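Hi,

Here is the structure I promised to pass on.

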Amino acid sequence: MPGRYHVVVERLTRTDRTCAIAAATMAHDFNNEFTVILSSVSSAMMALEPGHPARQALFDTEGAIDRCTRKCRSVLAFSVRHGIHPARAPLEAVMQL
């Protein structure tokens, strides 16, 4: 049918599942770090006067962080759709699975 897509979804193997868990864990950890960075950037922007030359760089950084957090949310959503829910665990422990 024109305009329709046929998607084949395969059952995840143990290796695929391990990779998905690692990806979800990493995305969650990155998202936490992005939150810290975004908070620092926002504080710096508020501390600078409106015409300060560093404001544009901070604004660009804020946009990049926003794009990265959206990508992390996409990875987390993908993992949840496959029955994988993020849990608090160090990435090193997940990599040893």
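Below is what turned up, starting with how to read the values.

This is a predicted model, so local features need pLDDT of at least 70 and side-chain atom pairs count only at pLDDT 80 or more, while totals for chains, interfaces and linings use all residues. Residues are numbered from 1 along each chain as its sequence is written, and side-chain values use heavy atoms, with hydrogens and water left out.

Let's start with the core. A nonpolar core here is a set of buried Ala, Val, Leu, Ile, Met, Phe, Trp, Tyr and Cys residues joined through side-chain atoms within 4.5 Å. Buried means under 20% relative accessible area, exposed means over 50%, and partly exposed is in between (1.4 Å probe, protein chains only). The largest such core has 9 residues: Ala24, Ala27, Phe34, Val41, Met45, Leu58, Ile65, Cys72 and Leu76. Helices are DSSP runs of H or I, at least four residues long, numbered from the N terminus. As a general point, nonpolar side chains tend to be buried together in soluble globular proteins.

Next, helix α2, which covers residues 54-81 and includes Thr69. Thr69 is buried, at a relative accessible area of 9%. Not counting residues up to four places away in sequence, Thr69 touches Asn31 and Phe34.

What about the cysteines? With a disulfide taken as a pair of cysteine sulfur atoms within 2.5 Å, the count comes to 0. For Cys68, the nearest cysteine sulfur is that of Cys72, 6.9 Å away. Cys68 is partly exposed at 29% relative accessible area, whereas Cys72 is buried at 8%.

Finally, the charged pair. The structure holds 1 salt bridge, meaning a side-chain nitrogen of Lys or Arg within 4 Å of a carboxyl oxygen of Asp or Glu. The side chains of Asp66 and Arg70 form this bridge, at 3.1 Å from N to O. These two residues, Asp66 and Arg70, are separated by about one helical turn because they sit 4 residues apart in helix α2. Asp66 is partly exposed at 37% relative accessibility, and so is Arg70, at 42%.

Cheers

Methods
Contact means heavy atoms within 4.5 Å.
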